[in-house]
Amino acid sequence: MISENQTMMTEFFFSMFPDLYEGGLLFFIPLLFTYGFIITGNLMIFIVIQLDVALHTPMYFFISVLSFLEIWYTTTTIPKMLSNLVSEQKSISWAGCLLQMYFFHSLGITEGCVLTAMAIDRYIAICSPLRYPTIMTPKLCIQLTAGCCLCGFLLVLPETAWIATLPFCGSHQIQQIFCDFTPVLRLACTDTSLVVIMDAIHAVEILASFLVITLSYIRIIVLILGMPSAEGRHKAFSTCAAHLVVFLLFFGSVAVMYLRFSATYSVFWDTAIAVTFVVLAPFLNPLIYSLRNKDMKDAIGRLF
């Protein structure tokens with residue numbers, strides 16, 4: 001019977017979405033608005049930075065890369081979430097589930113690496129301002145971005161390929177709002193202890209990025225506090241405050257979700273944490289980078 005279920009398995013079903021007329025519509029409308037804002041806001045930031053010569057600096061180059069990644073990062077999950085909120089059969093194909101897991105985590109890791117590169121950029125700009133133009137060249141920025149993409153898209157490949165070979169049986173009910181490694185592996189009817197090794201690799205990557213960014217900002221804050229001029233302190237802090245907020249949002253939710261080790265959460269908290277880094281953080285990023293940034297607001301004004 002198990003063998004028969006394994007061969008017939010072509011899709012998974014999500015158990016966390018309410019029916020359309022039992023609350024689904026209440027979630028669909030704000031989520032649709034949020035997704036539209038994420039796409040519009042990040043696309044506007046990307047276009048403005050590309051068109052405005054005044055923003056052709058390493059800092060804004062990385063912001064444009066982050067905005068571009070955010071568009072695809074949210075597109076891997078939110079459109080399917082919207083579809084499941086209004087459809088009767090809240091399902092995803094087996095191939096679609098694998099692709100969603102792969103691109104969601106690949107783009108997420110790439111974003112984490114880009115945030116690390118941004119922290120290094122701010123560290124050099126504030127701590128070694130005279131050497132900054134010779135260190136952070138356009139060539140180095142492109143190389144760092146390419147390295148981030150390579151790291152993100154290669155690191156997740158072995159785990160996704162391994163999951164593709166596993167047999168699945170039973171109800172195929174995923175207790176999450178999108179396909180993620182842990183909820184999918186719970187449905188495998190074979191030994192999945194190998195995932196501990198892969199989780200350790202991801203944990204090292206997350207902790208390494210977190211450590212580099214934290215040390216960079218500690219050094220930056222210490223240097224800023226030592227500046228004699230209040231105006232100089234304000235100017236220096238304003239250039240990295242937005243990055244610090246995005247860093248705390250992104251890595252805070254990722255750490256709670258993926259560095260839990262043996263801790264287990266209820267289904268409600270699992271879903272709430274997932275919404276934080278799938279929907280809330282991408283929603284706030286355009287606001288942080290545009291409304292709180294004078295150069296960006298001036299560039300948007302010039303464009304329109």
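This is a predicted model: local features need pLDDT of at least 70, side-chain atom pairs count only at pLDDT 80 or more; totals for chains, interfaces and linings use all residues.
A residue counts as buried when its relative accessible area is under 20% and as exposed when that area is over 50%, with partly exposed in between.

Leu85 belongs to helix α4 (residues 78-86) and counts as buried because its relative accessibility is 4%. Which residues is Leu85 in contact with, if its neighbours within four places in sequence are left aside? They are Phe17, Pro18, Leu20, Gly24, Phe27, Phe28, Leu31 and Lys90. Leu31 lies 54 residues from Leu85 along the chain, and the C-alpha atoms of the two are 9.8 Å apart.

Helix α5 (residues 94-127) has 34 residues, which at 1.5 Å a residue should span 50 Å, and this agrees with the 49 Å between its end C-alpha atoms. Helix α5 is also mostly covered, since 27 of its 34 residues are buried.

Aromatic rings count as a pair if their centres lie within 6.5 Å, and by this rule there are 19 aromatic pairs. Two of them are set out below.

| Pair | Distance between centres | Angle between planes | Arrangement |
|---|---|---|---|
| Tyr102 and Phe103 | 5.2 Å | 75° | edge-to-face |
| Phe247 and Phe251 | 5.4 Å | 55° | tilted |

The planes of Tyr102 and Phe103 stand at 75°, so this pair is edge-to-face, given that an angle over 60 degrees is required for that name. Tyr102 counts as buried at 13% relative accessibility, whereas Phe103, with a relative accessible area of 34%, is partly exposed.

Phe247 and Phe251 are four residues apart in helix α11 (residues 230-258), and therefore about one helical turn separates them. Phe247 is buried at 5% relative accessibility, and Phe251 is buried too, with a relative accessible area of 3%. Both residues also belong to a cluster in which ring pairs link Phe210, Tyr217, Phe247, Phe250 and Phe251.

Terms used. Residues are numbered from 1 along each chain as its sequence is written. Side-chain values use heavy atoms; hydrogens and water are left out. Rings of Phe, Tyr and Trp (its six-membered ring) pair if their centres lie within 6.5 Å; planes under 30 degrees apart count as stacked, over 60 as edge-to-face and the rest as tilted. Buried means under 20% relative accessible area, exposed over 50%, partly exposed in between (1.4 Å probe, protein chains only). Helices (H or I, at least four residues) and strands (E, at least two) are DSSP runs, numbered from the N terminus. The expected span of a helix is 1.5 Å times one less than its number of residues. Contact means heavy atoms within 4.5 Å.
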